[in-house]
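Morning, everyone. Let me put the model on the screen, and then we'll walk through it.

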Amino acid sequence: MQGSHQFTARFDDDVLREAVLTFVVQRTIVEQKMIWAAGGLMLVACLALLIQGNFTMAGLALIIACFPALYSLIVWRAHSAGTFGRYKRMADRSALITVDPEGFGIDSSLGQGRLNWNNVTDIWERPKSFMLFSGANAFNVLPRKNMPRDAEAFLSARASAR
């Protein structure tokens, strides 16, 4: 990337919803396959216990089988509230984004922030945005709309390299 690219990003509900849903599916379903497999086995155990007439243990197995879904719902609720809450506090739900070879910056009515690329742990490329992670559960959403092509190509290349 040559130089610095600035653009005004508009954070609409579709972009944020896509980012939160992507995060929840990846972190609580795709990366937690063993927990979901255990939940499935508990459902099988629940059915076997029902056939045996052991309704108390079947109920307990059913409750345990629901834990993975409950976990996903809790993560979705927490990240949805945090993400939508942050952007709804913005005066006009837009920010000036700067992308350059050293990192990226966000300047909005909530304040200013900058993150260097060595602090970005992961980049997920989505149809409507890029999700830039600074930790396992902390990410910034950069909408693609109004993003300069050079900045988009740069972020796409960084996402592919990870």
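What covers the buried residues of H4? Helix H1 (13-28), helix H2 (33-52), helix H3 (55-65) and strand S7 (139-143) are among the elements that do. Helices (H or I, at least four residues) and strands (E, at least two) are DSSP runs, numbered from the N terminus. Buried means under 20% relative accessible area, exposed over 50%, partly exposed in between (1.4 Å probe, protein chains only).

A word on the source. This is a predicted model, where local features need pLDDT of at least 70, side-chain atom pairs count only at pLDDT 80 or more, and totals for chains, interfaces and linings use all residues. Residues are numbered from 1 along each chain as its sequence is written, and side-chain values use heavy atoms, without hydrogens and water.

Back to H4. The buried residues are Pro 68, Ser 72, Val 75, His 79, Ser 80, Thr 83, Phe 84 and Tyr 87. They span an arc of only 135° around the axis, so they sit on the same side of H4. That arc is taken from the directions from the helix axis to the C-beta atoms. The face turned away from the buried side carries exposed Leu 73, Ile 74, Arg 77 and Lys 88.

Now two loop residues. Arg 93 lies between H4 and strand S2 (94-100). Its phi is near 55°, a positive value in a residue other than glycine. Asn 146 lies in the loop between S7 and helix H5 (149-161). Here phi is near 75°, also positive. Buried or exposed? Arg 93 counts as buried, at 16% relative accessibility. Asn 146 is exposed, at 51% relative accessible area.

Key:
Contact means heavy atoms within 4.5 Å.
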